[in-house]
Amino acid sequence: MSWPILYAQLVGVNRHSTSLGKVWLSVLFIFRVMVLVVAAESVWGDEQSDFTCNTLQPGCENVCYDQFFPVSHIRLWCLQLLFVSTPPLLVTMYVAYRNQRDRKRLLEGSGRSSFLSNKSQEEDLDTLKRRRLPIAGALWWTYAFSLLFRLLFEGGFMYALYVVYDGFHMPRLVQCDQWPCPNLVDCFVSRPTEKTIFTVFMTTISSICMVLNMAELSYLVAKAVTR
Amino acid sequence: MNWASFYAVISGVNRHSTGIGRIWLSVLFIFRILVLVVAAESVWGDEKSGFTCNTQQPGCNSVCYDHFFPISHIRLWALQLILVSTPALLVAMHVAHRRHVDKRIYKLSGRSNPKDLEMIKTQKMKISGALWWTYVISLFFRIGFEVTFMYLFYMIYPGYKMIRLVKCDSYPCPNTVDCFVSRPTEKTVFTVFMLAVSGVCIILNIAEVLFLVGKAYGKHLHTAGESTVGAWIQQKLCS
């Protein structure tokens, strides 16, 4: 339900992105957000209720689940998507600031030259709103920083997932001897193969997004250097 | 919880905020409301069904859960977000009132063509005069609500860590029973995250207050030449 709000915010970013940026945005929404909402959430839906330990000791399942799954994959991916979508908003904010500044200048300028008719002023303001700013100067730096932050967040979250779950494979069986489990008990994870498939899929798409971001950054640097 | 309509109401406020106010609004929506709805609600979703006590005594589970979790984190956060966003509506109401007054003045002075009235609707109000006071008071309310809720959190759940095990001996539990909370680590992670973002929002609000005060003082110095802080405060209180 709330992902449409994020989508509405990010669609505005599309206008001021390079082509690679537009591809990145589509990949983000189709292959990550949609897959997360439509498929992955139902795979992980019963992760705790179907986590079964070979013991009747009350509390043992809770404790073992908590030990092996400190943060669920789904939550990590949600946070990753939120953090990765935020740097492009920096660009939108900068563009909005520039537009406002230019609009002020335009209004001040036309105030001084009184022979500028109302209509041409309106047309100028309209073109100001609809124009596409060239990615140069301070906007270039804002865009480059947003790309760097995107890369950092993607890399950071992938590393966090790898460290927390010791690789991208979901084990079928975990052995747990936390109190109050009476001894070493076998605990069985629900749907391990399906979870492994989705983990590998999401990690692959993350890597593709990182590659797209790096390509976009190199393109921007090359463009600036040739200029 | 219909956050979508809430979003529609609050984003209207965006136009009359300062730059810091807009950043605060984005942080609120993306890092608090979105995280709450998309992630945190599923972590706390099974908090009661996953709360297991080491007893078969009927009713003990419910009583112990109720004793240790008088109000769930999720509900506290939802209330906090609603209360913290509401002062912004004060500003929106003030702007609407100002526009209404301007429209009447225009009509009385004879300039009642639709174009002028449209201009009133779309122009951005300057944050000065009574609107400045409304804005600053709304900021103080925001800070007050944030701090109050953080304090409430600390009072109800001492420390921000979610404990794995609670010991309970309320009637009808036969003796002191061990009760286990579901997903304590994940809950601690999200509690710390939401508190950190609350802290960031408080800092943004304080920065906005300082910015507004600084801007108003700077304007006063610019228009009144040499002047003391005392004279500025007096002028602000009497205006």
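Residues 21–40 of chain B are 100% helix and 0% strand, with end C-alpha atoms 25 Å apart. Helices here are DSSP runs of H or I with at least four residues, strands are runs of E with at least two, and both are numbered from the N terminus. This is a predicted model, in which local features need pLDDT of at least 70, side-chain atom pairs count only at pLDDT 80 or more, and totals for chains, interfaces and linings use all residues. Residues are numbered from 1 along each chain as its sequence is written, chains are lettered from A and ligands numbered from 1 in the order written, and side-chain values use heavy atoms, leaving out hydrogens and water.

An unreviewed UniProt entry annotates "transmembrane region" at residues 21–40, 77–96, 130–157 and 190–213. UniProt positions follow the numbering used here, feature names are shortened, and annotations may be inferred rather than shown by experiment. Look at residues 77–96 of chain B: the span is 95% helix and 0% strand, and its end C-alpha atoms lie 29 Å apart. Now look at residues 42–75, where the unreviewed UniProt entry puts "domain: Connexin N-terminal". This stretch of chain B is 41% helix and 6% strand, with 13 Å between its end C-alpha atoms.

Along the sequence they run α-α-β-α-α-α-α-α-β-β-α-α. The radius of gyration of chain B is 24 Å, while a compact globule of 239 residues would have one near 18 Å. That radius is taken over C-alpha atoms, and the globule rule is 2.2 Å times the number of residues to the power 0.38. Along the principal axes, the C-alpha atoms of chain B fill a box of roughly 80 × 45 × 25 Å.

Of the 239 residues in chain B, 45% are buried. Buried means under 20% relative accessible area, exposed means over 50%, and partly exposed lies in between (1.4 Å probe, protein chains only). Chain B also carries 24 positive and 13 negative side chains, and the centres of the two sets are 12 Å apart. Lys and Arg count as positive, Asp and Glu as negative; His and the chain ends are not counted. Each charge is placed at NZ of Lys, CZ of Arg, CG of Asp or CD of Glu.

Turn to chain A. It has eight helices and three strands. From the N terminus, the order is α-α-β-α-α-α-α-α-β-β-α. Its radius of gyration is 25 Å, well over the 17 Å that the globule rule gives for 227 residues, so chain A is more spread out than a compact globule. Its C-alpha atoms fill a box of roughly 90 × 35 × 25 Å along the principal axes.

The unreviewed UniProt entry places "transmembrane region" at residues 23–40, 74–97, 138–165 and 197–222 of chain A. Residues 74–97 are 96% helix and 0% strand, with ends 35 Å apart by C-alpha atoms. Residues 197–222 of chain A are 100% helix and 0% strand, and their end C-alpha atoms lie 37 Å apart.

Finish on one residue. A:Asn213 sits in helix α8 (residues 192–226) of chain A. Is A:Asn213 buried or exposed? A:Asn213 is buried, because its relative accessible area is 0%. Leaving aside residues up to four places away in sequence, A:Asn213 touches A:Trp24, A:Leu147, A:Arg150 and A:Leu151. Such a contact means heavy atoms within 4.5 Å.
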